[in-house]
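Dear colleague,

Here is the structure I said I would pass on. My notes on it follow below.

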Amino acid sequence: MNLREKVEELLPNWERWYPSLFDAASDLGVIRATVCDPDSLLLSNRHAGVRQRAAEAHREKWGGQIQEEGPVRIRRHPGKKKRQTTVNKR
């Protein structure tokens with residue numbers, strides 16, 4: 001049973017009283033907020049498991065070691081200079 005079906009079972013005409021399905025579900029107790037560790041909200045932490053599984057799959061298929069990647073650095077073309085901006089002072 002999906003969220004909409006659960007809410008409609010408890011309150012058939014929920015659209016008359018609530019602006020969204022989320023509001024109706026939270027008031028009816030179908031969904032509840034939970035407290036979580038703030039570190040779990042960081043995408044880098046959330047995707048660490050995905051990166052780990054990808055590294056293991058790479059080692060299984062190709063063997064060897066995978067180098068840990070550092071931060072991405074953008075290098076400028078050696079011939080290009082930084083654009084200078086001038087501010088007109090009055």
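A helix here is a DSSP run of H or I that is at least four residues long, and helices are numbered from the N terminus. Leu28 lies in one of them, helix α2. Please keep in mind that this is a predicted model.

Overall layout

The chain has 4 helices and 0 strands, and along the sequence the pattern reads α-α-α-α. Of its 90 residues, 7% count as buried. The chain exposes about 9300 Å², and carbon and sulfur atoms supply 51% of that area. Among contacts with a separation of 6 or more, 8% are between residues 24 or more positions apart.

The α1/α2 pair

Helix α1 covers residues 3-10 and packs on α2 at an angle of about 60°, the two axes lying 10 Å apart. This angle makes α1 oblique to α2. The crossing of the two helices is left-handed. On the α1 side, the residues that meet α2 are Leu3, Arg4, Val7 and Leu10; their counterparts in α2 are Leu21, Ala24, Ala25 and Leu28.

The core

Which residues make up the largest nonpolar core? There are 5 of them: Val7, Trp14, Leu21, Ala24 and Ala25. Helix α2, residues 21-28, gives the largest share of this core, with 3 residues. In soluble globular proteins, nonpolar side chains tend to be buried together. Leaving aside residues up to four places away in sequence, Ala25 touches Leu3, Val7, Val30 and Ile31.

Leu28 and Leu10 are 18 residues apart in sequence, and their C-alpha atoms are 7.7 Å apart in space. Both residues are also listed where α1 and α2 meet.

Where does Leu41 lie? Leu41 is in the loop between α2 and α3, the latter being residues 43-46. Leu41 has a relative accessible area of 56%, which is over 50%, and therefore it is exposed. Apart from residues up to four places away in sequence, Leu41 touches Cys36 and Arg46.

Regards

Methods: Residues numbered from 1 in each chain as written. Predicted model: local features only at pLDDT ≥ 70, side-chain atom pairs only at ≥ 80, totals over all residues. Heavy atoms only, no water. Core = buried A, V, L, I, M, F, W, Y, C linked by side-chain atoms within 4.5 Å. Buried < 20%, exposed > 50% of the residue type's maximum accessible area, 1.4 Å probe, protein only. Contact = heavy atoms within 4.5 Å. Areas by Shrake-Rupley, 256 points an atom, 1.4 Å probe, with all protein chains shown as cover. Axes fitted to C-alpha atoms, helices over the stretch in contact; angles between N-to-C directions. Parallel < 35°, antiparallel > 145°, perpendicular 65-115°, else oblique. Left-handed = near helix turned anticlockwise from the far one by under 90°.
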